[in-house]
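The sequence and the structure are shown first.

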Amino acid sequence: MALTNLTVLFVEDDPVFRKLIASYLDSRGANVIEADNGELGLELFQELNFDIVIADLSMPKLGGLDMLKAMNKSKPDIPVIIVSGNQAMTNVVETLRHGASDYLVKPISDLYLIENAIHECLNHSLEDSLNIDEHESLSYLELNDNLALLEQSSEAAKSIQQQLFPPSCIEYPQVMIDYSLFNSDEVSAHFIDTAMLDERHVMMYMAHFSPHDNRAAFASVLLKSFINHKLKLYRNGVSTVITEPFEMLVYLNDRMGNSGLGLHVDLTYVVVELEHYQAAIAQAGSEFRCYLKNAEGLAPIALQETLQIGMAQWTRPSVHFRTLVYGDKLCISTQVNAHKQLLLADEFHGLVYRPEINPGGFIQLSLK
């Protein structure tokens, strides 16, 4: 297995996140020793032998930075990966200055990123890490114990899923992404995300999982992991699939259909090429509509309804290409009149619990 014979010290005070990471590393062959605070982590580090340390930055009793300083003094040759929800550049620089080998920012939707960071720290080549069989590298998502945890605990499922959602407003160099998702249950059946693929391409998507239960949290992790896998390949010059909405939905149908979750997915996936403002859109299912929004209101974009991703009879998504002009805002919305009215009113709040509003929402891409 990819991490066979490695002994990992994992120091993290969030029990849900610690369980998820530890289970994944264990499934990849590592021997994981856990600590829930910096003081215990430092004691274990000094008493036992480890190949690598993964630690949160903000912890009780002894913070990650102070723990890192002490570790670097006693055993400077042991690599340390810092994981933190704080992405301030001063914190990144400070941890690297005091001996951290890498710095990962929460939420970490694709746990394979942690494995790849371990390979990098232990001097494995990027080529070797990318050539790990894709089924194997994502197998942690199909572990029965993790799935059972989310199925049995709505609170755990909610915590896992909410770590994946971006802030309500994401500002890129040339575009702005805003969204609102209204939820009336512990776990949202709807999921959105966006990424700047490179300096010329931006991506956003909106998904809906059915039937709606705690598996939607697991499906959110799974979906984002698959997309992040293609993003990593793209940024390393291996594949361009993530910039091609049609091919992405074909790929996601294969992966989600073989995941064993038994869920179907409505998905609208958009990539905008920013040099010529050309948008490529692919859609599966009938949960969403795409619109061009301007001073005159919402103009629907014609996309044929198709079967949901994961259905046995699924064949291909509906696709559309469009050149955006100044003032256009490209939107994906659920087909609920109240949502469209809120979209027109620029009501962007991120993920919110609003039982009086039908579940669903919208995401908007605005050109700067």
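In this predicted model, Gln 283 has a relative accessibility of 3% and therefore counts as buried, since the cut-off for burial is under 20%. Gln 283 belongs to strand β11, which covers residues 278–284. Leaving aside residues up to four places away in sequence, Gln 283 touches Leu 249, Leu 267, Thr 268, Phe 288, Leu 303, Thr 306, Pro 317 and Ser 318.

The cysteines are considered next. The count of disulfides is 0. Cys 290 takes part in no disulfide, and the nearest cysteine sulfur, that of Cys 331, is 8.7 Å away. Because a disulfide requires sulfur atoms within 2.5 Å, the sulfur of Cys 331 is too far from that of Cys 290 for a bond. Cys 290 and Cys 331 are each buried.

| Residue | Relative accessibility |
|---|---|
| Gln 283 | 3% |
| Cys 290 | 1% |
| Cys 331 | 0% |

Across the whole structure, a search finds 2 cavities of 30 Å³ or more. The second largest cavity has a volume of about 40 Å³. Its lining consists of Phe 45, Leu 68, Met 71, Asn 72, Lys 75, Pro 76, Ile 78, Val 80 and Gly 99. By class, this lining holds 6 nonpolar, 2 polar and 1 charged residues. Helix α3, residues 64–74, gives the most to the lining of the second largest cavity, with 3 residues.

Key:
Residues are numbered from 1 along each chain as its sequence is written. This is a predicted model: local features need pLDDT of at least 70, side-chain atom pairs count only at pLDDT 80 or more; totals for chains, interfaces and linings use all residues. Side-chain values use heavy atoms; hydrogens and water are left out. Helices (H or I, at least four residues) and strands (E, at least two) are DSSP runs, numbered from the N terminus. Buried means under 20% relative accessible area, exposed over 50%, partly exposed in between (1.4 Å probe, protein chains only). Contact means heavy atoms within 4.5 Å. On a 1 Å grid over the protein atoms alone, a cavity is a set of points where a 1.4 Å probe fits but cannot get out, and a pocket is an open set with protein on both sides within 12 Å along at least five of seven lines; lining residues have an atom within 4 Å of a point. Grid points are joined across faces, edges and corners, and a volume is the space filled by probe spheres set on the points. Ala, Val, Leu, Ile, Met, Phe, Trp, Tyr, Cys and Pro count as nonpolar, Asp, Glu, Lys and Arg as charged, and the others, Gly among them, as polar.
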